[in-house]
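Visitor: I've never looked at this one before. Could you walk me through it?

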Amino acid sequence: MADRLLPRYEQAVYAARIEQVAAAVTAGARVLAEWDAVSDSLCDADHWLLGDRYDLRKQVRDAEMWAQFAPFLDHGPALVAHAEETLPLLAPAERVAERWAYRLRSLREALDGGAQVQAGFQVVAEALLPERPGSKQVFADAVAMRNAEGWHYSLTWMDNAGALIDIARAEKALPPPPGRPIRGQRVRSARAEAARSWSPHAARQITVAIETAVGPPAIRFFSSSRPPRSR
């Protein structure tokens with residue numbers, strides 16, 4: 001079970017998480033494109049900010065980007081660790097050209113910074129008392145602050161997460177390692193070899209040896225091969 005099913009499960013989980021990375025990168029690019037499309041319209045002709053309109057739209061941007069980044073605070077470290085372990089197996093020229101080592105370090109820094117931001121937010125959220133007046137507004141302000149402080153880390157993740165996808169693709173192109181036979185296959189192979197050694201000639205020799213050691217066959221007291229029925 002461990003040799004056959006567990007590796008398949010781990011590969012399936014890894015593939016699903018890489019797909020999630022690709023979806024998050026696409027969504028993050030859309031958030032940035034939408035922000036670039038409206039940010040200039042929130043400034044006047046002299047590029048001064050138009051008060052609350054700019055800040056409110058910026059909060060939407062921060063929240064959307066954090067929503068794409070937050071899931072990787074849990075399983076992102078495992079993805080980066082897997083990529084770091086795979087990196088020495090890949091072509092050196094490709095590693096240098098794609099700056100994979102640098103981008104993986106950037107991903108780790110983004111995860112560490114995002115984890116610290118989330119931890120600070122958790123302290124505030126757990127200290128709030130829902131029955132106290134104004135607690136909802138305090139919570140909303142804490143969420144907005146977390147998203148704003150996490151903007152740099154979420155943006156860094158989105159800018160470099162494509163390296164995880166590229167490394168996974170390059171790993172898939174590597175030749176498979178020599179397989180190790182599982183326990184059942186080893187047992188079956190041993191039995192197959194033993195069966196092959198029992199040729200018809202060998203079987204006849206074993207039969208003769210057994211009859212010689214046991215002695216003459218037993219005397220048959222009944223003419224029929226079937227024993228008489230009891231009364």
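Guide: Let's start with a term: a contact means heavy atoms within 4.5 Å. This is a predicted model, where local features need pLDDT of at least 70, side-chain atom pairs count only at pLDDT 80 or more, and totals for chains, interfaces and linings use all residues. Residues are numbered from 1 along each chain as its sequence is written, and side-chain values use heavy atoms, with hydrogens and water left out.

Visitor: How many helices and strands does the chain come to?
Guide: Helices (H or I, at least four residues) and strands (E, at least two) are DSSP runs, numbered from the N terminus. Reading from that end, the elements run α-α-α-α-α-α-α-α-α-α. The tally is ten helices and zero strands.

Visitor: How do α1 and α2 lie to each other?
Guide: Axes are lines fitted to C-alpha atoms, for helices over the stretch in contact, and angles run from 0 to 180 degrees between N-to-C directions. Here the axes are 9 Å apart, at an angle of about 170 degrees. Under 35 degrees counts as roughly parallel, over 145 as roughly antiparallel, 65 to 115 as roughly perpendicular and the rest as oblique. So α1 and α2 are roughly antiparallel.

Visitor: Which residues in α2 meet α1?
Guide: On the α1 side, the partners include Ala24, Val31 and Trp35. Across from them in α2 sit Tyr54, Arg57, Lys58, Arg61, Glu64, Met65 and Gln68.

Visitor: And what about α2 and α7, how are they placed to each other?
Guide: Their axes come within 9 Å and cross at roughly 55 degrees. Among the residues that meet are Arg61 and Met65 in α2, and Trp151 and Trp157 in α7. With that angle, α2 and α7 are therefore oblique.

Visitor: Which residues touch the most other members of the largest nonpolar core?
Guide: A nonpolar core is a set of buried Ala, Val, Leu, Ile, Met, Phe, Trp, Tyr and Cys residues joined through side-chain atoms within 4.5 Å. Buried means under 20% relative accessible area, exposed over 50%, partly exposed in between (1.4 Å probe, protein chains only). This core has 31 residues, and the ones touching the most other members are Trp157 and Leu164.

Visitor: Which elements give two or more residues to this core?
Guide: Leu164 touches Tyr14, Leu79, Leu104 and Trp157, among others. The elements that give two or more are α1, α2, α3, α5, α7 and α8.

Visitor: What share of the chain is buried?
Guide: The chain has 231 residues. Buried ones make up 26%.

Terms used: Lists of a residue's contacts leave out its neighbours within four places in sequence.
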